[in-house]
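Please view the sequence and the structure before reading on.

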Amino acid sequence: MAKLNVFGTETPGRIDVGRALASKETSMYIYDVQPGTSSCPYHYEYAEEWLLVLEGTLVLRAPDGEQTLERGDIVCFPAGPAGAHKLMNRGDAPARMMMFSNGRVPAVSVYPDSDKIAVWAGDEADDLIFRRGTAVSYSDGEDGWENAG
């Protein structure tokens with residue numbers, strides 16, 4: 001049985017815990033967030049996500065404003081726009097956090113600040129990020145799709 005210690009493992013910024021422990025059902029990452037940086041852009045998923053602060057202090061930006069999170073705080077981000085979040089280290093020391101959710105693909109992430117959508121298909125060639133304004137209609141490029149020929 002494989003194991004990983006969330007406090008003792010060195011990381012160059014992110015550890016893919018799910019992959020390290022051969023999970024088929026759970027996506028889990030440990031992030032080290034350096035002072036003055038953020039773990040990711042403001043975004044939401046169409047799957048519930050969880051955050052556990054392992055060390056340090058982070059500032060959470062969410063739809064209802066900002067709040068400070070400390071070691072031991074756990075937060076559940078609901079699926080959809082109500083679960084939008086960004087985690088920032090505004091302190092003087094590194095912070096460590098764990099994010100986890102179900103490991104299902106395909107998955108979709110929405111980035112409201114930049115008006116982008118990401119589709120994670122589970123195949124790098126089909127993982128796409130695009131601006132909403134570049135979207136096309138369902139039938140675009142499908143002339144004659146309704147015909148049986």
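The model is predicted.

**The sheets**

Strands of a sheet pair through backbone hydrogen bonds, either parallel or antiparallel. Leu52 has Ile74, in strand 7, as its bridge partner.

Another open sheet has four strands in the order 3-10-11-12, and here too the pairing is antiparallel. Which strands stand at the edges? They are strand 3 (44-45) and strand 12 (128-131). One side of each is left without a neighbour in the sheet, because each has a single partner strand. Strand 10 (residues 107-111) pairs with strand 11 (residues 116-120) over five bridges, in the antiparallel sense. The bridge partner of Ser109 is Ala118, in strand 11.

**Aromatic pairs**

The structure holds four aromatic pairs. A pair of aromatic rings is described by the distance of the centres and the angle of the planes. Two of the pairs are listed here.

| Pair | Centre to centre | Angle between planes | Class |
|---|---|---|---|
| Tyr29 and Tyr31 | 6.1 Å | 40° | tilted |
| Tyr44 and Tyr46 | 5.7 Å | 75° | edge-to-face |

Why is the pair of Tyr44 and Tyr46 edge-to-face? Planes over 60 degrees apart count as edge-to-face, and the planes of Tyr44 and Tyr46 are at 75°, so the pair is in that class.

Are the residues of these pairs buried or exposed? Tyr29 and Tyr31 are both buried. Tyr44 has 8% relative accessibility and therefore counts as buried, since buried means under 20%. Tyr46 is exposed, because its relative accessible area is 52% and the cut-off for exposed is over 50%.

**Charges over rings**

Two tyrosine rings have a charged side chain over the face. Arg61 lies over the face of Tyr42, and its distance from the ring centre is 3.6 Å. Lys116 lies over the face of Tyr111, at 5.6 Å from the ring centre.

Note on methods:
Residues numbered from 1 in each chain as written. Predicted model: local features only at pLDDT ≥ 70, side-chain atom pairs only at ≥ 80, totals over all residues. Heavy atoms only, no water. Pairing = 2+ DSSP bridges. Helix = DSSP H or I, 4+ residues; strand = E, 2+ residues; numbered from the N terminus. Phe/Tyr/Trp six-rings, centres within 6.5 Å; stacked < 30°, edge-to-face > 60°. Buried < 20%, exposed > 50% of the residue type's maximum accessible area, 1.4 Å probe, protein only. Lys NZ or Arg CZ within 6 Å of the ring centre and 35° of its normal.
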